[in-house]
Amino acid sequence: MSGRNVWTRSQERMRCPGVSPTIAAAYGKCVTATTTGRQELRKDLCVKEFDALKTCIVTAAKKGVK
């Protein structure tokens with residue numbers, strides 16, 4: 001029996017090596033900063049960061065990064 005659990009396997013499937021951790025972290029920080037307390041995330045608050053992350057993911061996908 002493998003020592004790996006479901007969470008580890010899920011993380012491996014979601015990993016995208018072509019995506020810059022800096023860009024992903026910037027989007028995550030924006031979302032976190034705009035949803036402090038009981039606030040809900042509103043459309044277009046982190047659009048700049050989201051667009052950068054989306055561009056990075058699309059570029060990685062086109063290159064065939066697995």
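The buried residues of helix 3 are Leu-53, Cys-56 and Ala-60, where buried denotes under 20% relative accessible area, exposed over 50%, and partly exposed in between (1.4 Å probe, protein chains only). Helices (H or I, at least four residues) are DSSP runs, numbered from the N terminus. Viewed down the axis of helix 3, the buried residues fall within an arc of 60 degrees, so they line one face of the helix; the arc is taken over the directions from the helix axis to the C-beta atoms. The model is a predicted one, in which local features need pLDDT of at least 70 and side-chain atom pairs count only at pLDDT 80 or more, while totals for chains, interfaces and linings use all residues. Residues are numbered from 1 along each chain as its sequence is written, and side-chain values use heavy atoms, with hydrogens and water left out.

Cys-56 has a relative accessibility of 14% and therefore counts as buried. The face of helix 3 turned away from the buried side carries the exposed residues Lys-48, Thr-55, Ala-61 and Lys-62. Ala-52, also found in helix 3 (residues 47-62), is partly exposed, with a relative accessible area of 34%. The C-alpha atom of Ala-52 is separated by 9.9 Å from that of Ser-20, 32 residues apart along the chain.

One disulfide (a pair of cysteine sulfur atoms within 2.5 Å) is present in the structure. It is formed by Cys-30 and Cys-46, with the sulfur atoms 2.1 Å apart. Cys-30 lies in helix 2 (residues 21-34) and Cys-46 in the loop between helix 2 and helix 3, so the pair ties together parts that are 16 residues apart in sequence. Both Cys-30 and Cys-46 are buried.

Key: Helices (H or I, at least four residues) and strands (E, at least two) are DSSP runs, numbered from the N terminus.
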